[in-house]
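Work through these exercises with the structure open beside you. Try each task before you read its solution.

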Amino acid sequence: MEVHSNEKENRKVNKKTKQKKKTNSNRQIMNVTYIFLLIFVMMTGYFVNYQMNEGAEIINNAYNKREEILAKSIIRGNILSNDKTILAQTLTKEDGTEIRNYPYEQLFAHAVGYSTHGQTGIELLANYRLLTSNSPMLEIAADDLHGKKHIGDNVVTSLDISVSEAAYQAMEGYKGAVIAIEPATGKIITLISKPDFNPNVVADIYSDLIADDNNSNLLNRATGGLYTPGSTFKLFTLYEYIRENPDYEDYHYDCNGSISVDEYRIKCSGGAAHGEEDIYDSFAYSCNSSFVNMGLTLNKNAFVSTCKRLLFDSDLPIHFPYSQSEISLSEKSSVFETMQTVMGQGKTLVTPIHLCMIAAAIANDGLLMKPYIVTSIENHNGKTIKTYHPSSYREILLPEETAVLKKFLRSVVEYGTAKRLNTEKYIAYGKTGTAQIEDGSRNNSLFMGFAEQDGKKLAICVVLEDTPEGTIPAVTVAKAVFDSYYFTNENY
Ligand SMILES: [Zn+2]
């Protein structure tokens with residue numbers, strides 16, 4: 001019994017030992033698993049961190065090796081319009097060759113850009129997102145199992161196809177740019193630059209495009225084109241005059257068609273003599289003589305700093321390439337240079353996006369919202385991964401100042417040079433410009449302004465190059481854009 005008992009005890013002990021051994025080995029396995037898990041978590045953490053902080057920058061270098069590696073495992077995602085229509089996609093041929101395809105061809109050449117010969121536009125801006133896949137984990141695992149590529153995320157933009165088509169068609173026959181921004185959010189609704197190119201074949205025609213200096217098809221004129229502002233600059237001269245003269249409403253001028261100072265003479269456009277006018281008439285009719293008369297009284301230093309506050313010679317709060325507008329005026333400017341500058345001639349240069357941002361700020365009671373074009377990221381199943389919210393830059397004008405400027409911009413539409421925009425369907429505001437270029441033998445046509453209807457606003461800038469004398473086709477383009485924006489979806 002004893003033995004038995006001992007044996008039993010021994011067996012118990014052995015069992016316990018075995019159990020202990022088993023527990024120990026389980027624990028060891030668990031420890032190893034924990035360590036692996038920890039390493040995995042650390043690596044994931046590192047990878048996420050890398051992707052968040054460094055990945056975007058490194059990946060956005062179009063010639064980076066890392067992009068090549070990612071492209072081997074991820075099918076580049078789609079770029080979508082504001083109603084989620086495909087603007088760029090990757091098609092895979094039967095032999096596995098991938099082709100980047102742009103269904104709207106020229107229409108979004110500059111806004112969407114291309115990714116077939118380097119990268120530009122949204123293709124560059126959102127490169128990292130397009131080459132990242134947030135597909136469901138099971139799908140990713142299944143793809144890995146079958147050696148299939150993951151599908152990259154989609155980039156949703158604020159670009160509106162109908163409005164863009166309206167702008168594009170209205171610009172027919174002209175070089176130039178149109179940009180329209182929603183003032184309350186900063187969303188870019190349309191961005192067109194002409195001449196353009198077909199992004200589907202850009203790799204084949206690239207050397208021809210580069211060689212063509214006369215047209216600069218690859219230049220995004222909406223953000224990078226520097227133009228003489230012409231009479232759109234009178235908005236800045238007017239604003240400074242109002243700031244320096246609280247009694248501006250008492251201003252009167254008798255225009256006989258020209259103004260002479262020393263040996264210099266400046267004429268009103270088209271040989272017009274505007275007669276007796278107040279400050280509103282001067283602005284609505286775009287009277288050169290009256291504006292030179294006003295402009296010569298301005299404090300030049302104050303005027304330049306006002307222009308800088310309104311984003312001349314300044315960095316713009318945007319994430320894509322652009323040129324800086326330049327104000328060319330100083331205390332040393334000659335009388336003639338000053339006369340030219342205050343009416344928008346001379347050496348001052350503006351970009352369409354800058355003028356559009358100023359119009360947007362006026363429409364938004366002085367608060368400038370940062371322009372943006374990518375509104376959200378989705379995985380390929382349409383699940384939202386990230387949303388980009390509107391963000392403000394700063395109040396570049398006071399609300400009471402914008403109320404005053406709106407009255408002037410409205411007078412241009414009610415009875416001045418932009419009467420074509422006077423409709424009951426929306427309330428439009430703006431300033432026209434005809435800029436003389438080179439020796440004055442050629443003209444550019446400009447319009448900056450905005451429209452509103454039931455609180456829905458749209459700011460715009462249009463620049464058309466080489467326009468016939470005595471016409472303001474930029475107003476016609478602005479009208480096509482406003483008409484489309486306010487009525488396309490309402491069967492107007
Ligand atoms: Zn005049």
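The exercises below go from the whole chain to helix pairs, strands and single residues.

**Exercise 1. The whole chain**

Task: State how many helices and strands the chain has, and what share of its residues counts as buried.

Solution: 
- Start with the kind of model: this one is predicted.
- Count the elements. The chain holds 16 helices and 19 strands.
- Turn to burial. The chain has 492 residues, and 44% of them count as buried.
- Look at contacts between residues at least 6 apart in sequence. Of these, 65% join residues at least 24 apart.

**Exercise 2. Helices α6 and α16**

Task: Find how α6 and α16 pack, and name the residues that meet.

Solution: 
- Recall what is needed. Two packed helices are described by the angle between their axes and the distance between the axes.
- Locate the pair. Helix α6 spans residues 161-170, and helix α16 spans residues 473-487.
- Read the geometry. The angle is about 160°, and the axes are 8 Å apart.
- Classify the angle. Angles over 145 degrees count as roughly antiparallel, so α6 is roughly antiparallel to α16.
- The crossing of α6 past α16 is right-handed.
- List the residues. From α6 come Ser-162, Val-163, Ala-166, Ala-167 and Ala-170. They meet Thr-476, Val-477, Ala-480, Val-481, Asp-483, Ser-484 and Tyr-485 of α16.
- Sort them by class. The contact of α6 with α16 has 8 nonpolar, 3 polar and 1 charged residues.

**Exercise 3. The buried side of α6**

Task: Which residues of α6 are buried, and what covers them?

Solution: 
- Name the buried residues: Val-163, Ser-164, Ala-166, Ala-167, Tyr-168 and Ala-170.
- Use the helix repeat. An α-helix has 3.6 residues a turn, so residues three or four places apart point the same way.
- Find the cover. It includes β7 (176-181), β8 and α16.

**Exercise 4. Helices α9 and α12**

Solution: 
- List the partners. Phe-236, Tyr-239, Glu-240, Arg-243 and Glu-244 of α9 meet Ala-302, Phe-303, Thr-306 and Cys-307 of α12.
- Sort them. The contact of α9 with α12 has 5 nonpolar, 1 polar and 3 charged residues.
- Arg-309 has 12 C-beta neighbours inside 10 Å, so it counts as exposed.
- Leu-397 is 88 residues from Arg-309 in sequence, yet their C-alpha atoms are 8.8 Å apart.

**Exercise 5. Strands**

Task: Give the strand order of the open sheet of 6 strands, then describe how β10 pairs with β11.

Solution: 
- Write the order: β4-β3-β2-β6-β14-β15, with mixed pairing.
- β4 (98-101) and β15 (384-387) each pair on one side only.
- β2 (residues 79-80) and β6 (residues 154-157) run parallel and are joined by 2 bridges. Leu-80 stands opposite Val-156 in β6.
- Move to β10 (residues 258-261) and β11 (residues 264-267). They pair in the antiparallel sense over 4 bridges. Ser-260 stands opposite Arg-265 in β11.
- Look at the turn. β10 and β11 form a hairpin with 2 residues between them. In this turn, Asp-262 has a positive phi of about 50°.

Notes
Residues are numbered from 1 along each chain as its sequence is written. This is a predicted model: local features need pLDDT of at least 70, side-chain atom pairs count only at pLDDT 80 or more; totals for chains, interfaces and linings use all residues. A residue is buried if 20 or more other C-beta atoms lie within 10 Å of its own, exposed if 12 or fewer, and partly exposed in between; C-beta atoms are placed from the backbone. Axes are lines fitted to C-alpha atoms, for helices over the stretch in contact, and angles run from 0 to 180 degrees between N-to-C directions. Angles under 35 degrees count as roughly parallel, over 145 as roughly antiparallel, 65 to 115 as roughly perpendicular and the rest as oblique. A crossing is left-handed if the near helix is turned anticlockwise from the far one by less than a right angle, and right-handed if clockwise. Two residues are in contact if their C-beta atoms, placed from the backbone, lie within 7 Å. Ala, Val, Leu, Ile, Met, Phe, Trp, Tyr, Cys and Pro count as nonpolar, Asp, Glu, Lys and Arg as charged, and the others, Gly among them, as polar. Two strands pair if DSSP finds at least two bridges between them.
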